[in-house]
Amino acid sequence: MRDRSGLTRVLVTDLDGTLLEGDASDRRRLRDELKQNPDITLVFATGRGLTSVQQLLQEDPLVPPPRWIIADVGASVIDAVRTVHLQALEARLRTGWPGAHRVRAALRRFPQLVYQEGVSQEGRCSYYLHPENLSDDLTAAVKELGCSFSYASGRYFDVLPAGASKGRALHLLAHRLGWAPQAMLVAGDSLNDLSLFCLGTHGVVVANAEPALATRAPASARIHLSSLDGAAAVLEGMQRLGWLPRRSSVVIGYHRPPVRWVDGAWQTPSSPNGILPTLRSALADEEMDAVWAAAHPGEASPTVLHEPVTDGLSLSLLPLRPQQWQGYFHRVCKETLWPALMSQPHLIQDRPAHWADYEQVNVRFAHHISSLAAQNGTVWLHDYNLWLVPAALRAQRPDLAIGLFHHTPFPRPDVFRRIPAATQLLDSLRHLHWAGFHTPDCADNFRRLLADTRGPMPRTGVHPLGIDRAAVADLARARVQPHPGHDGGQLVLSVERLDYAKAPVHKIRALDDLLHQTPRLRGQIRFRLVCPPPEDGIHAYDSTRRELEIAITRLNGRWGSRRWQPVDYIPHNLTFPEVVDHYLEADVFWVTSLADGMNLTAQEYITTHHATNRPGVLILSRHAGIAQHLATAALLTDPLHPHDLVDVLRSALNMSTAERLAHMTRLADLLGTPPPAEWARTIITAIRNANSPHTP
């Protein structure tokens with residue numbers, strides 16, 4: 001219950017007119033903020049009795065559960081967790097109380113007082129009273145009983161023990177629990193809250209308060225007269241004190257952060273390309289006012305979970321238990337959803353024991369994003385990892401514009417429906433305002449999938465992601481070395497993560513067939529496969545790794561010699577400058593994806609060779625997203641047809657230097673994707689427009 005300065009944070013709020021007042025969205029936000037910030041202790045300070053408060057908590061789901069309750073206008077103090085009265089404190093508050101029977105008997109001579117029958121009350125007597133009937137005779141009669149009174153909202157007249165008030169009850173409770181005034185925020189709307197504002201705490205008077213409260217509240221820098229009503233004013237007060245994360249107009253939801261926490265510091269990727277560096281550079285613009293929400297799996301968390309990181313981009317991490325991350329990402333994402341995206345439905349594994357992890361992580365992401373987003377803000381989600389966030393987030397924050405960009409392919413409807421939880425996922429995707437894709441085919445698959453479901457259709461957009469061509473070109477020119485010639489042979493290169501969807505085994509088999517069919521190529525070509533493994537704990541590619549390593553060993557053993565090995569296998573990560581060195585050295589770049597998003601490595605290869613005027617050949621799978629944009633300028637191949645892989649590779653190796661230079665020029669001319677920062681801004685605008693009633 002302590003903030004970064006070591007102080008306890010305590011919110012003390014009235015109910016009627018304050019916590020219960022305002023739009024449902026503001027009340028929901030306040031409830032969710034308190035749920036997501038359990039270090040803030042919530043205290044109700046109300047004129048209601050305990051029974052009335054308990055009934056309210058049962059009937060109104062937007063009322064957050066308190067830790068303590070100051071009830072009966074300060075005559076009662078209750079431990080809300082154990083539902084027990086703090087009798088020692090109440091004894092001090094009720095000192096000299098003559099009892100309700102005596103009070104009612106003594107005040108019967110004032111017919112203008114109407115006792116509140118049926119209202120739960122302890123240690124006080126509550127009446128209705130019109131303002132013109134609040135007379136000196138009445139207040140003198142109360143004093144003769146040894147009591148005090150509270151009159152609020154021009155209607156409620158409460159006779160109290162002489163020492164009872166909300167302020168005194170809070171003072172005694174704070175003293176008992178060690179709360180300092182500067183660690184407390186009080187909020188109220190009526191004169192029976194006035195005593196709360198006289199303790200030297202921080203305070204917020206809601207805009208809908210009775211005018212007398214604002215007039216009589218102490219003139220202090222700690223007391224804020226809000227222009228907002230009810231719950232919205234309470235949220236504003238918490239925000240002003242820095243109790244809540246800063247709200248941003250744009251929230252990026254991605255399962256990974258754009259940086260890694262290593263040895264007590266943030267480390268950034270060396271490549272300028274890919275979704276992580278693309279978004280990081282685009283959203284660092286202060287005018288964008290963006291924050292990146294990501295998961296942080298592991299036992300040890302960074303010392304700060306919400307702070308500006310590289311390039312000024314704010315990062316807000318959602319801590320996840322390692323076991324939950326494994327069920328969510330390693331099992332469901334990689335073993336259930338990924339095969340569907342890669343159009344390999346026979347590999348889909350039903351993981352019912354781990355589906356709850358996927359659901360829970362998505363719900364937690366929705367809560368986390370909700371806590372970061374400004375009113376009417378824009379949320380940009382990414383990929384299948386967060387498919388359940390749209391429904392959960394729309395339920396919490398209907399004010400937000402929600403979009404999702406798919407960096408992966410989006411499968412045909414018949415393949416998607418093979419996912420065990422397809423119906424649940426579809427229901428969530430329906431809550432998007434906008435969905436984005438790299439290719440028209442993927443956008444069409446999405447629209448056809450949702451066409452048979454009820455509800456409005458999200459808008460769709462096709463926005464292929466490019467690379468930072470200037471940065472790659474500059475690096476290539478800085479790294480260029482004289483062409484080594486490979487001892488008169490040619491180097492064929494693939495750079496890809498270990499994944500069956502990249503078809504690495506298909507390549508080894510094709511190379512084996514090529515060397516068998518074309519003996520003259522033995523000793524004249526080398527295939528270099530840069531293929532780093534996935535993170536520890538992902539087993540979806542274990543069989544691919546075993547099959548690949550066996551196939552490489554057999555091929556090298558069959559055709560290799562002491563001076564030449566046909567396959568050079570690099571099963572680990574390289575820095576981006578090292579990858580560029582391999583691009584520059586390669587005569588042929590070989591992409592054989594069974595399914596792919598855009599495939600940025602193909603764009604990087606084209607850019608490095610064009611920038612340095614080096615000849616090269618791109619063999620590109622017809623199933624990679626970039627193939628739809630480069631068309632026949634690349635040598636297209638189909639990894640589903642083994643003979644085609646062999647024939648196209650042979651054709652590439654036979655191309656002349658002049659043909660290769662012209663080939664690279666044509667490909668470079670077709671790289672017409674916008675710069676990454678412009679790409680990101682275009683999509684954010686599209687999401688905002690999709691939620692605008694004025695946009696057709």
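Close-up A. At 17% relative accessibility, aspartate 512 counts as buried (buried is under 20% relative accessible area, exposed over 50%, and partly exposed in between, using a 1.4 Å probe and protein chains only). This is a predicted model, where local features need pLDDT of at least 70 and side-chain atom pairs count only at pLDDT 80 or more, while totals for chains, interfaces and linings use all residues. Residues are numbered from 1 along each chain as its sequence is written, and side-chain values use heavy atoms, leaving out hydrogens and water. Arginine 558 sits in helix α19 (residues 542-559) and aspartate 512 in helix α18, so the pair ties together parts 46 residues apart in sequence. Helices (H or I, at least four residues) and strands (E, at least two) are DSSP runs, numbered from the N terminus.

**Close-up C. An open sheet of 4 strands runs in the order β6-β7-β9-β8.** Pairing here is antiparallel, and two strands count as paired if DSSP finds at least two bridges between them. The edges belong to β6 (114-115) and β8 (147-152); each has a single partner strand, so one side of each has no neighbour in the sheet. β8 and β9 (residues 156-161) pair over 6 bridges, and serine 150 has aspartate 158 in β9 as its bridge partner. Helix α6 (residues 136-144) packs on the sheet and touches β8 and β9 (contact means heavy atoms within 4.5 Å).

**Close-up D. Aspartate 158 also makes a salt bridge, with arginine 124.** The two side chains meet at 3.0 Å, N to O. Arginine 124 is in the loop between β6 and β7 (125-128) while aspartate 158 is in strand β9, so the pair ties together parts 34 residues apart in sequence. Arginine 124 is buried at 4% relative accessibility, and aspartate 158 is buried with a relative accessible area of 4%.

**Close-up E. Helix α17 (residues 469-479) has buried Val472, Ala473 and Ala476.** They cover an arc of only 100° around the axis, which puts them on the same side of α17; the arc is that of the directions from the helix axis to the C-beta atoms. The buried residues of α17 pack against α20 (576-585) and α21. Turned away from that buried side, the other face carries the exposed residues Ala470 and Ala478.

**Close-up F. The largest nonpolar core has 91 residues.** A nonpolar core is a set of buried Ala, Val, Leu, Ile, Met, Phe, Trp, Tyr and Cys residues joined through side-chain atoms within 4.5 Å. Tyr358, Ile369, Trp387, Phe416, Leu425 and Leu511 touch the most other members. Helix α11 (residues 322-341) supplies the largest share, 9 residues. Apart from this core lies another, of 57 residues, among them Leu600, Leu618, Leu667 and Leu671.

Terms used
Axes are lines fitted to C-alpha atoms, for helices over the stretch in contact, and angles run from 0 to 180 degrees between N-to-C directions. A salt bridge is a side-chain nitrogen of Lys or Arg within 4 Å of a carboxyl oxygen of Asp or Glu.
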